[in-house]
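Thanks, everyone. I'll keep this brief. Here is the structure.

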There are 2 protein chains.
Amino acid sequence: MRPYEKNPSAIYAESFATVRREARLDRFPPGLQSVAIRLIHSCGMVEVADRLAFSPLAYDAGHAALRRGAPILCDCEMVAAGIIRRYLPAKNEVVCTLNHPKTRGIAAGIGNTRSAAAVELWTDWLEGAVVAIGNAPTALFHLLELIDDGAAPPALILGFPVGFVGAAESKAELAANPRGADFIALRGRRGGSAMASAAVNALAAGLPEDRL
Amino acid sequence: MRPYEKNPSAIYAESFATVRREARLDRFPPGLQSVAIRLIHSCGMVEVADRLAFSPLAYDAGHAALRRGAPILCDCEMVAAGIIRRYLPAKNEVVCTLNHPKTRGIAAGIGNTRSAAAVELWTDWLEGAVVAIGNAPTALFHLLELIDDGAAPPALILGFPVGFVGAAESKAELAANPRGADFIALRGRRGGSAMASAAVNALAAGLPEDRL
């Protein structure tokens, strides 16, 4: 067996040093730099930094919302599972309504996916919330539709739906018109629950080096 | 708002058609082709097909193990959260010991990460199991060490640890010497919990088109 690094602090330090060495991070304001670094760390691809779209105050909006106790609304259970609870500054509620018993009926009623239907169940939490979408393009599209129809915008939308149908398009729609919310999104087909969780973790806690 | 596809069946069909059109899948035996397609679908990158390493009978070994009722051992909660329970053919147990109260003490004792320590708690389940690693290189390295030290090999190792320290190396070690287990692994830095879960889901249920 080849030797390997077993010390968690050394692993973190070497990982983040590699990211800083290889990624183009200079276009990001400081807070967003920590988000970009955690995103890269979650997927192993330094080049995703080049495809990040964001509003200039996105980090501040998300960080302040979490400190205020804002809930975190997730489109799937994997995103919720990836949020490191001990980082959250105000025991923030982590909400995923995808498996709520009402979603199937709502989906049939609105002619959309269960992921989109789940977003309809966010209304009580939505204003000022942090939204983390790591799976379904239809969840992001439908959230934007609900805001167009008068729903209060969240403080921040983390847009990381993934895949071949609607992912790139939903994130382009968000970046073109964020409808009063701040946002961070990865353009194109790539994304995923690990990135959405990583973005929340960065907003909550910055980088491990910030926590020493 | 631009129009978008809202029909789940149409989204699945168009997604998988895109993957089949763009990815190089001809080198895979049929079962592994469904695994490759679900992996690509989970990450939005067709080119990961070119970096998949596998033993020739990996699909059959994993599929048979699940039918036999093998447990699924996951290195992190996100992998466990991504496994679609209704697909599992024998109500298979999904096990994640990362947050077991003993892992911290074991990690200190063996001088390794909590992820590696969690693998020590798999011993009762390991023989004939399906192992799904979607986060920690040290979990994969330590599993291989335990097999070298006499632990019974699992039926199948799904190797998708991600990142900049040890991910590529642990997967190269697995592919060079799988120690009696079948395996599927993504070479290089890329990987992640969504891929590990997607591989389990493919072994359990094939593709949506297989289920019609």
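This is a predicted model. Start with A:L158. Leaving aside residues up to four places away in sequence, A:L158 touches A:V130, A:V131, A:A132, A:I133, A:I184, A:A196, A:A199, A:V200 and A:L203. A:L158 is also among the residues with the most contacts inside the largest nonpolar core. That core has 105 residues. In soluble globular proteins, nonpolar side chains tend to be buried together.

Now the strands. Strand 4 of chain A, residues 130-133, pairs with strand 5 of chain A, residues 156-159. The pairing is parallel, over four bridges. Within it, A:V130 stands opposite A:L156.

What is the strand order of the sheet in chain A? The order is 1-6-5-4-2-3, in an open sheet of six strands with mixed pairing. Strand 1 (52-54) and strand 3 (94-96) are at the edges; each has a single partner strand, so one side of each lacks a neighbour in the sheet. From one strand to the next, the twist averages 15°.

Next, the helices of chain A. Helix 3, residues 58-67, lies across strands 2, 4, 5 and 6, at about 115° to strand 6. Helix 9, residues 193-205, lies across strands 2, 4, 5 and 6 as well, at about 140° to strand 5.

Last, the two copies. A rotation of 180°, with 0.0 Å of shift along its axis, superposes chain A on chain B with an RMSD of 0.0 Å. The copies are therefore related as by a two-fold rotation axis. In chain A, the C-alpha nearest that axis belongs to A:M78, at 2.6 Å. And 100% of chain A's interface residues are also interface residues in chain B, so the copies meet through the same surface.

Notes: Residues are numbered from 1 along each chain as its sequence is written. Chains are lettered from A and ligands numbered from 1 in the order in which they are written. This is a predicted model: local features need pLDDT of at least 70, side-chain atom pairs count only at pLDDT 80 or more; totals for chains, interfaces and linings use all residues. Side-chain values use heavy atoms; hydrogens and water are left out. Copies are superposed by least squares on the C-alpha atoms of residues with pLDDT of at least 70 in both. Contact means heavy atoms within 4.5 Å. A nonpolar core is a set of buried Ala, Val, Leu, Ile, Met, Phe, Trp, Tyr and Cys residues joined through side-chain atoms within 4.5 Å. Buried means under 20% relative accessible area, exposed over 50%, partly exposed in between (1.4 Å probe, protein chains only). Two strands pair if DSSP finds at least two bridges between them. Helices (H or I, at least four residues) and strands (E, at least two) are DSSP runs, numbered from the N terminus. Axes are lines fitted to C-alpha atoms, for helices over the stretch in contact, and angles run from 0 to 180 degrees between N-to-C directions.
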